[in-house]
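Subject: Structure handover

Hello,

Please find the structure below. My notes on it follow.

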Amino acid sequence: MSIYQELVESIVVNKKNRLIDFHPSLQLAGTGRSAFVFRVKSSNKAIKVYFPNSVYIAKEEAEIYQTLKGIHYFPCIYETGANYVVMDYVEGDTLFDCMTNGRVITDAHIKEIDYALSLATDAGLNPSDIHLRNILITPDDRVMLIDVARYRQQKDCKQWSNLKKAHRQFYSKRFFWKKVPGPFLNGVAFLYKKGLIPSYRL
């Protein structure tokens, strides 16, 4: 049994996917719709551990990360298990964090994200579910993308093109706030998912 598998087995989750306990060498880094992400303390590794009802995603995401191997805009993976993936820990601000903290998202960042996604497309994938919380800008101003489980979907996902459009039409204008309240962004995301923003239909 690997050290990572031992760490994963230390994680206790209840039936409602609430985190109960985990090994002291782990630090909770984030919680998503289908998984917890832990940083392994004193290392540059992270372990993504999927909820019991979402373990099937582990294999899918691991395979997609293997397809993206060598593209430096995506984390490398080091080990996979039935319900977990070990990967690079990416330090940085998500685009959501940038907007709520006032860190400016530049045109250059948008072009770099576009390029990263084009490399994924060239690798035979269909990048989908691209949103403010799965794109990061690192402390040295590099772009990184995470959460790639939906990159093999067949549907035509318009989320990234709509985000680019919103950046161009609103955010990049001089009058638009560069520090946006989180509840406002969450409200816009809710309306978007409901199809209630006519110019930005999914």
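The axes of helix 4 (residues 107-122) and helix 5 (residues 159-171) cross at roughly 165° and come within 11 Å of each other. Axes here are lines fitted to C-alpha atoms, for helices over the stretch in contact, with angles from 0 to 180 degrees between N-to-C directions. Helices (H or I, at least four residues) and strands (E, at least two) are DSSP runs, numbered from the N terminus.

This is a predicted model: local features need pLDDT of at least 70 and side-chain atom pairs count only at pLDDT 80 or more, while totals for chains, interfaces and linings use all residues. Residues are numbered from 1 along each chain as its sequence is written, and side-chain values use heavy atoms, with hydrogens and water left out.

Helix 4 and helix 5 are therefore roughly antiparallel to each other (the term applies to angles over 145 degrees). On the helix 4 side, the contact (heavy atoms within 4.5 Å) is made by D107, I110, I113, D114 and L117, and on the helix 5 side by W160, K164 and H167.

As for the whole chain, there are 6 helices and 10 strands. Its C-alpha trace spans about 55 × 35 × 35 Å along the principal axes. Of the 202 residues, 41% count as buried (under 20% relative accessible area, with a 1.4 Å probe and protein chains only). Among contacts with a separation of 6 or more, 60% come from residues 24 or more positions apart.

Regards

Terms used. Angles under 35 degrees count as roughly parallel, over 145 as roughly antiparallel, 65 to 115 as roughly perpendicular and the rest as oblique. Buried means under 20% relative accessible area, exposed over 50%, partly exposed in between (1.4 Å probe, protein chains only).
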